[in-house]
Amino acid sequence: MNKPESDSQESSSRLPECTPREAAVAVARLIIERGFIAYFAGGCVRDEILGLEPTDFDIATSAPPDEIVKIFRSARGVGEAFGVMLIRWKGRVIEVATFRSDGEYRDGRRPSDIRFASANEDAQRRDFTINGLFRHPLTGEVVDFVDGQKDLSNRILRAIGDPVARLREDRLRTLRAVRFAARFEMSIDSSTEKAICDASRDLSGVSRERIGGEFRRMFAHPTRLRSAQLIERWGLDAPALAESNSIGACKRIAGLPSEVSFATVLAAWHLDRAERAPNHSPGRWQDSLNLSGNESKEMMEILEIVSTLDSKWETLPKSGRKRLASRSAFPSALKVLYGVVPERVSEVGKTVAHLAAETGGLNPQPLVSGSDLIALGFEPGPRFKVLLDRIYDLQLEGELNSKDQALAFGHREWAR
Ligand code: ATP
Ligand code: MG
């Protein structure tokens, strides 16, 4: 009997020594050499045909998990019930899944049972035709049971089989449809589109973690404007965000540069939507999109800065402007405003550049610290903090320029 591949090739926690594709080819070759079928499957095939570099290569195989374990010592089951194994190869991890057919879906997310099946059946259980393709890893031949190549070249997103049934099985597929249609600039087959609209309300039954994950992925991509538009057009916004449906222009999202944080996109989208439905509260998005504490904090901070820029920037003293401009979310707030008031953004940008060019920049080291004041015998308390802030403001204004000056001012104020 053949021995499993040696650990020397598979040891964990090492730097990758090959590309993800090379690792996937090597793993597939070993499976094929044992007499099984092994194909690249799903997203990686789609991406390569579109001329894009796949992020990860998944392998679908006729080999059952107990055979995979015999071939690869490093094989670890992840969804063992689903026949999914992870294999380490030269510092890469490749997912290998046995061809399967999904049983009935009872919870709108996972099939209640699966059985190992043929390649054709495995293709049929996938969501969209563009995601149902296989490719022979050694010959490059595309194996297409679902007419996916035709849809790929015509840029049409189409559910495999009956769209109504497929979307009912896993309701997250409505959001996946948005992501693929936007990301690959595809039109949508009309019966698939109708099924999405009809199923949109069911999205509220999907876990917030999965919904948030889809949003994170679609908004990471420069085609995020199309995603936001499709979400609103198909009525997926209400269940996803747990707020009323609202359709309209997304000018702030449209004005974003291609690389921005998730929180920035959310802030832009919230403001676009708030123009149409002012009662929407962004705080609820933390739960509905399962945002991390940091994402939520960043989004709220951007919104607060945008609001200050909108209502008070002109009347702020120099110190207030410097304080605002040195907040970490300030550049993101300007990006959010760019889509609606580009001239204003460039004006503010110029003012900030001037302020930044002053001695010490936007946030110079304070001339006087709390411990300086304590050393002089000042008692910490509410007045203390106010005084420190006042001294720093005057420093930002350019009115206090040395430590001696600042301490003298502190003494005078404290004595009053
Ligand atoms: P991405 O570029 O986001 O990785 P992908 O198509 O590779 O896109 P994955 O989530 O990595 O998406 O899934 C890999 C493959 O598994 C898909 O191409 C599809 O064939 C199948 N698949 C994934 N999620 C689902 C689902 N919810 N329903 C049906 N098939 C799915
Ligand atoms: Mg993938």
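Where does ligand 1 sit? Ligand 1 sits in the largest pocket. By pocket I mean, on a 1 Å grid over the protein atoms alone, an open set of points with protein on both sides within 12 Å along at least five of seven lines, and "sits in" means that more than half of the molecule's atoms lie within 2 Å of its grid points.

Quick housekeeping. This is a predicted model, where local features need pLDDT of at least 70 and side-chain atom pairs count only at pLDDT 80 or more, while totals for chains, interfaces and linings use all residues. Residues are numbered from 1 along each chain as its sequence is written, chains are lettered from A and ligands numbered from 1 in the order in which they are written, and side-chain values use heavy atoms, with hydrogens and water left out.

OK, the ligand. Domain 1 (1–148) and domain 2 (155–239) both give residues to its shell, so ligand 1 lies between them; the bounds come from an automatic or database domain assignment.

Who's nearby? There are 14 residues around ligand 1, and Arg46, Asn131, Arg173, Arg179 and Arg217 come nearest (near means a heavy atom within 4 Å). Helix 8 (173–183) gives the most to that shell, four residues; helices here are DSSP runs of H or I, at least four residues, numbered from the N terminus.

Now some polar contacts, meaning pairs of N or O atoms within 3.5 Å. Arg179 puts a polar side-chain atom 2.7 Å from a ligand 1 oxygen. For Arg46, again a polar side-chain atom, that's 2.8 Å. Asn131 uses a polar backbone atom, 2.8 Å from a ligand oxygen.

Methods:
A polar contact is a pair of N or O atoms within 3.5 Å; within protein, one must be able to donate a hydrogen and the other to accept it, and residues adjacent in sequence count only if both atoms are side-chain atoms. On a 1 Å grid over the protein atoms alone, a cavity is a set of points where a 1.4 Å probe fits but cannot get out, and a pocket is an open set with protein on both sides within 12 Å along at least five of seven lines; lining residues have an atom within 4 Å of a point. Helices (H or I, at least four residues) and strands (E, at least two) are DSSP runs, numbered from the N terminus.
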